[in-house]
Amino acid sequence: IKDLNFYFKKIGPEPFDKKFNFKYLFDKIKNKKKNIKNILLDQSIVAGLGNIYANEVLFYSCINPTKNGFQINKNEVKKIVKYSITVLSLAIKFGGSSIRNFKNTEGVDGSFQKKFKIYGRNGEICYRKNCNGEIIKFFQTNRSTFMCKICQK
């Protein structure tokens with residue numbers, strides 16, 4: 001148990017935790033030269049956001065995943081906090097994402113992958129109203145990143 005406590009002390013709050021709020025996130029990213037997507041994937045900053053969900057959060061927030069933490073303004077931080085909760089709530093509602101072989105405890109596939117706004121949609125047109133931008137795929141730290149060239153600034 002001692003080892004577990006040591007491990008859990010290194011993990012940041014998850015988006016549903018009251019500690020994950022505007023002040024917390026702003027303080028964590030305001031001086032970071034690392035890009036915002038990799039910041040969101042850093043479990044010591046926020047727990048529970050994997051690659052797919054980080055892509056979706058940044059799309060909902062209209063934030064370019066290559067922006068560095070120090071470039072993220074206060075309004076964008078508020079959006080990240082809000083949409084982290086939104087995206088994870090939707091993922092839970094639809095039983096998670098079955099991309100390859102995920103099944104829940106009852107052996108059922110999740111269906112959140114049918115609700116993705118950005119992830120896995122390379123070359124397709126953005127779903128955002130009045131955008132019509134093309135979604136591109138590129139790699140950040142060996143992870144697939146998807147973004148709309150028009151609405152994610």
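Which residues in α2 meet which residues in α5?

Modeller: A quick word on the ground rules. This is a predicted model, where local features need pLDDT of at least 70, side-chain atom pairs count only at pLDDT 80 or more, and totals for chains, interfaces and linings use all residues. Residues are numbered from 1 along each chain as its sequence is written, and side-chain values use heavy atoms, leaving out hydrogens and water.

Now your contact, meaning heavy atoms within 4.5 Å. From α2 come F22, L25, F26 and I29, and they meet K74, V77, K78, I80 and V81 of α5. Those residues divide into 7 nonpolar, no polar and 2 charged. Here Ala, Val, Leu, Ile, Met, Phe, Trp, Tyr, Cys and Pro count as nonpolar, Asp, Glu, Lys and Arg as charged, and the others, Gly among them, as polar.

And the helices themselves? They are DSSP runs (H or I, at least four residues), numbered from the N terminus. Helix α2 covers residues 22-29 and α5 covers residues 74-93; they pack at about 120 degrees, with axes 9 Å apart. That angle makes the pair oblique: under 35 degrees is roughly parallel, over 145 roughly antiparallel, 65 to 115 roughly perpendicular, and the rest oblique. The axes are lines fitted to C-alpha atoms over the stretch in contact, with angles from 0 to 180 degrees between N-to-C directions. The α2 and α5 crossing is right-handed, so the near helix is turned clockwise from the far one by less than a right angle.

Let's stay with α5. Its 20 residues reach 29 Å from first C-alpha to last, close to the 28 Å expected at 1.5 Å a residue; the expected span is 1.5 Å times one less than the number of residues.

Y53, E56, V57 and Y60 in α4 meet I80, Y83, S84, V87, L88, L90 and A91 in α5. That contact divides into 9 nonpolar, 1 polar and 1 charged.

Note on methods:
Helices (H or I, at least four residues) and strands (E, at least two) are DSSP runs, numbered from the N terminus.
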